[in-house]
Amino acid sequence: MAATEDLLPHAVDRLRASFIDRQHGHLIDGASVPAASGRTFATLDPSDGSQLAQVAHGDAEDIDRAVRAARRALDDGPWSRLAHAERQRLLMRLADLVEARAEQIALLDTLDNGKPFRDALDGDVANAVEEIREFAGWATRLHGESVRTAAGDVHGYSVHEPVGVCGLIVPWNYPFMIAMSKVAPALAAGCTAVLKPAEQTPLSALLLGELLLEAGIPDGVVNVVTGEGEAGAALVEHPLVDKISFTGSTEVGKSIVRAAAGTLKRVTLELGGKSPVVIFPDADLDAAIPAAAGGIFANSGQVCVANSRLYAHRDVFDDVVAGVAKHAESLAVGPGVDPASQMGPLVSREQLDRVTGYLAGGVSDGARTVTGGGRIGDRGYFVEPTVLVDTRPDMRLMREEIFGPVIAASSFSDDDLRAIAARANDTTYGLAAYVWTRDLGTAHKMASLIKAGSVRVNGGWVRGLPFGGYKQSGLGREGGRLGVEAYTEVKAVTIGL
């Protein structure tokens, strides 16, 4: 399906006929099956609120069937006996299939989530392909250590073994990309899985299930159950699940920790953020301003690492705020399938109400709107990209994750880097931070002082680095070696010689 911008309307029609309009069941043990209850629920197009598709409404019974299928595939099926190189080959085959179907996958996420098609294609799906290939490489490189006593009478070694059946719970902001960031390392490590996509955006996960089978992944190795919170809770609580990997809100993450405590499941959590961007007076503003704007308005601000708090030195504050506001005002906001759109809608009515509530509350608390500040139209879930100033550290919009295209700006005049870092750290979160300066000393000192899982100086990110958060932004790390090892248990073996 060629889905170039000029042909998007035709591509949507073909995708509806070939995939979206189907009766969508769960993928359990290699087969598409309806919900045990027979119920379905609708997924909606956030650009106009219309129904996209009906999918199976999973509950505890469906989760139990999927978990037991994953357990059989792990304990009795061919997966646990498969050579590491064969797992690598299958993952590489999956990457090729995803790449070949990239436009369909991107269009599903555009329709389900609302994001611009080009962002989904060139960003989300392209990154997912690279992640699959990266994790495929780790399938043959999970090596332990070898040691021997000084006397040579005992030899010891360690090995990485699959942690077991994994429950993978995925959010709605990057549906396919985050699903692959969990499925790929789990498979590379030799685990089996039950994937539970967000109820707002389940379609690309269902297509992924088909691609996994086409790639040759054995039945039951990855199962996909669609549903709402009940299904996710059942997955977390299931006694045959060994590990949960969750990306989503901090509050849900806390509930997962409590539920997993009963069986001491291994847990990886990538949670909320309230990330600062700090711009020093020597920064390259031609680079810093568009980066700060892009860092909050991309994906309509529905990004865990969005730089939602802006701190700029007083010497450049006015220029920075004016530049970010100008960028906001230049953005074409519209449906993701419109080639002219640079920012899409929020994902749901619930999210629209949340974001506009924060905007109203911020103004009521004394913040001043430089640009934006409200809903766009009355059809779909569109909100204006917004810049706020005259903010205080105690305001809710400075302390709580809004998850929308809203940046709250304030200035600093202190040259004490510890004081500046203290303002950046004044949050219960610690997922990411951004620093703009030409001074290497300032860059390294700020990177050391800021309490966040990733600190990005003057832009950029390197694939393969560990990703995760300090404080209430999560537990554990994803990406690279640590991301694969999170799906393993380490066993130490000693042998008397």
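**A friendly note on cavities and a sheet**

1. The largest cavity holds about 80 Å³ of space. A cavity here is a set of points on a 1 Å grid over the protein atoms alone where a 1.4 Å probe fits but cannot get out; grid points are joined across faces, edges and corners, and the volume is the space filled by probe spheres set on the points. This is a predicted model, in which local features need pLDDT of at least 70 and side-chain atom pairs count only at pLDDT 80 or more, while totals for chains, interfaces and linings use all residues. Residues are numbered from 1 along each chain as its sequence is written, and side-chain values use heavy atoms, with hydrogens and water left out.

2. Around the largest cavity you will find 13 lining residues (an atom within 4 Å of a point). Ala 306, Ser 308, Glu 401, Ile 402 and Phe 403 lie nearest its centre.

3. The second largest cavity has a volume of about 60 Å³. Its lining has 17 residues, with Pro 276, Thr 427, Tyr 429, Gly 430 and Ala 432 closest to the centre.

4. Now to the sheet: 7 strands form an open sheet with mixed pairing, in the order S14-S15-S16-S13-S12-S17-S18. Strands are DSSP runs of E, at least two residues, numbered from the N terminus, and two of them pair if DSSP finds at least two bridges between them. Strand S14 (368-371) and strand S18 (454-457) are the edge strands, each pairing on one side only.

5. Within this sheet, strand S13 (residues 309-313) pairs with strand S16 (residues 406-412) in the parallel sense over 5 bridges. Arg 309 stands opposite Ala 408 in S16.

Conventions: 1 Å grid on protein atoms, 1.4 Å probe; cavity = no way out; pocket = protein on both sides within 12 Å on 5 of 7 lines; lining within 4 Å. Helix = DSSP H or I, 4+ residues; strand = E, 2+ residues; numbered from the N terminus.
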